[in-house]
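Hello,

Here is the structure I said I would pass on. My notes on what turned up in it follow below.

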Amino acid sequence: MEDSVPILRNSDCIVQEKLIPSWDEAIENGLRELGWSGMAQCILVSIAMCFDAQQSFMAIYSDDYPTWHCTETACTSSRSDICKLPKSSWAWDGPSSKTIISQFGLECAGSFITGLPQSSFFAGCLIGSFLLASLADTSLGRKNLLLLSCLSMSISSIFIVFSTNVWIYSAFKFLIGFWRSSIGTCVLVLLTEKVSTEWRFTVGIVEYFCFTLGYMILPGIAYINKNSSWKTLYVWTSIPAIFYSIIAYLFVTESPRWLLMQGREQEAMAMLNGGASVERGANLTASLLKVPAAKQKSSIFQLYSSIAELFERSWALKRMVAIMVLGLGIGMVYFGMPLAVGNLGFDIYLAVVLNALMEIPSCVVTYFLENYRRKPSILAFSVASGICCVLCVVVGSGQQVAKVGISLVAFFSAVTAYNVFLIYIIELFPTSVRNTTTSLVRQATVFGNIFIPFLISAGRKNDIFSYGVFGVVIISSCLTLVCLPETTGIALCDTMDQQEKKHSLSV
């Protein structure tokens, strides 16, 4: 007997087509059920932020100006300028290898030399973001670039212990910054593309918490090794990161949205159907088969084609410039305040712990801001941070407790604004260019950070060059919010055409 073939009338086809959702909706449906395995994936991906945080703020301890004491009676407290004392009349507190200042003999060096290593780090971040950004959108993908960056950063961090002078040290700091540049971007993009709209803020909080955890662990490691060489800090933070890279390679999965854009439907369907119900599995599969695959890249120049897409559309370019300026302002305070704790005249270990603790209430506040509009949230916390930075200048060093308290409020506000800002970037651009745009925004942030070490050095004599500049920059950058749309509750787009349609409707 021949198999019977069902005959579909036109009306049946219409009904069938209605049952099959659009591929945009199908992805959202497939990702809606997060589950324990999905949350485990998010946590595993986010752990990379622990190591990112430690490398970002390592200079607080490794590049610090250590304390010293007199060894001869001719050396008195009234002659506190170490550069005017004979070398034999004073000695460092602790080992001479405690920081790079003491080991490389930089106690009398200018602000350019002492600020060079951390500026090199941020310069590496800037160049790395530009060269590596598009690779996550094209050939490598989110997962592979994340693991490559984390592993290479850790290896560079181990080799830095062989530095014999500030120039070699700065070169290794550049390499660490270069590889570190893509970690935060890949983690954020990979997390948000693994979940539906309703889970977007939740997984973002997981990322922020892991960054905070790494930041909080750093002063503990530094305190335990306070009588050891600065090299110990790099070893203690690098080896765990290498083991993490191996574990993540085995267990982390790729972004289903990126797989679809690369034409790898079978892998994406297997991942999405794993979280979908049996009833909608067939509909999901049928819908995903209609997804237009991305064209294969045949040239090294075409690997960076996602950047060209931004310049082809005026709305995208305008949006890109506005968000980069905003990122420069918020990022300067977000990274500048922790690095400037030495200017507070407060215990450096306790100061970093207090700053790190501010990240916890910030994560809580960010979680409750999920359903609030993005633009007013960023504006309110950015302005509050800017005002507090200016108040740090007004209060001065005469009221140390008040100054420390105001600086903590400034940092808390900047962190909250930065957290919402990172989610906002993800919502502004589609999957095809999301990693590229996020990296470009981080480039703008890093560009401002290059000047932070010099501002902090100048701020040791006058707070207006550090806290004053921070306040003015972050408040001024908020003016660009006028050019940007609101994105609260909007599902993520996957192509530039889809994003353009939403942009046209919002205008």
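**Overall make-up**

Of the 507 residues in the chain, 56% are buried. Please keep in mind that this is a predicted model. The secondary structure consists of 24 helices and 2 strands. Taking contacts between residues at least 6 apart in sequence, 82% join residues at least 24 apart.

**Cysteines**

I searched the whole structure for disulfides, and the search finds 1. The bond runs between C83 and C108, with an S to S distance of 2.1 Å. C83 sits in the loop between β1 (68–70) and β2 (90–92), and C108 in the loop between α6 (100–103) and α7 (111–137), so the bond ties together parts that are 25 residues apart in sequence. The angle about the S-S bond is -125°, which makes the link of C83 and C108 left-handed. Both ends are partly exposed: C83 has a relative accessible area of 41%, and C108 has one of 45%.

Two other cysteines are worth a note. For C50, the closest cysteine sulfur is that of C210, at 4.8 Å, which is too far for a bond; the cut-off for a disulfide is 2.5 Å. C50 counts as buried, at 9% relative accessibility. For C389, the closest cysteine sulfur belongs to C392 and is 6.1 Å away, again too far for a bond. C389 is buried as well, with a relative accessible area of 0%.

**Nonpolar core**

The largest nonpolar core contains 125 residues, and those with the most contacts inside it are Y61, I323, F421 and F470. Helix α20 (residues 400–428) contributes the largest share of this core, 18 residues. In soluble globular proteins, nonpolar side chains tend to be buried together.

What does F470 touch, leaving out residues up to four places away in sequence? Its partners are M332, V333, G336, M337, C389, I452 and L455. The C389 in that list is the buried cysteine described above.

I452 and L455, both touched by F470, are among the buried residues of α22, along with P453, I456, S457 and G459.

The largest pocket has a volume of about 910 Å³. It is lined by 34 residues, of which Y65, N343, I456, S457 and R460 are the closest to its centre. The elements that give two or more residues to this lining are α5 (59–62), α7 and α22 (452–459). Which of them gives the most to the lining of the largest pocket? That is α22, with 5 residues. Two of the residues closest to the pocket centre, I456 and S457, are also listed as buried residues of α22. By class, the lining of the largest pocket has 15 nonpolar, 12 polar and 7 charged residues.

**Cavities**

How many cavities of 30 Å³ or more does the structure hold? There are 2.

The largest cavity has a volume of about 120 Å³. Its lining is made up of 13 residues, and the closest to the centre are M49, F211, Y334, Y418 and L422. Elements that give two or more residues to this lining are α4 (48–56), α11 (200–224), α17 and α20. The lining divides into 7 nonpolar, 1 polar and 5 charged residues.

The second largest cavity holds about 90 Å³ of space. It is lined by D52, S129, R180, S181, I183, G184, T185, F335, Y418, R442, T445 and V446. Here α10 (183–193) and α21 each supply at least two residues. The lining comprises 4 nonpolar, 5 polar and 3 charged residues. Y418 lines this cavity and is also one of the residues closest to the centre of the largest cavity.

Regards

Terms used: Residues numbered from 1 in each chain as written. Predicted model: local features only at pLDDT ≥ 70, side-chain atom pairs only at ≥ 80, totals over all residues. Heavy atoms only, no water. Helix = DSSP H or I, 4+ residues; strand = E, 2+ residues; numbered from the N terminus. Buried < 20%, exposed > 50% of the residue type's maximum accessible area, 1.4 Å probe, protein only. 1 Å grid on protein atoms, 1.4 Å probe; cavity = no way out; pocket = protein on both sides within 12 Å on 5 of 7 lines; lining within 4 Å. Points joined across faces, edges and corners; volume = space filled by probe spheres on them. Nonpolar A, V, L, I, M, F, W, Y, C, P; charged D, E, K, R; others polar. Core = buried A, V, L, I, M, F, W, Y, C linked by side-chain atoms within 4.5 Å. Contact = heavy atoms within 4.5 Å.
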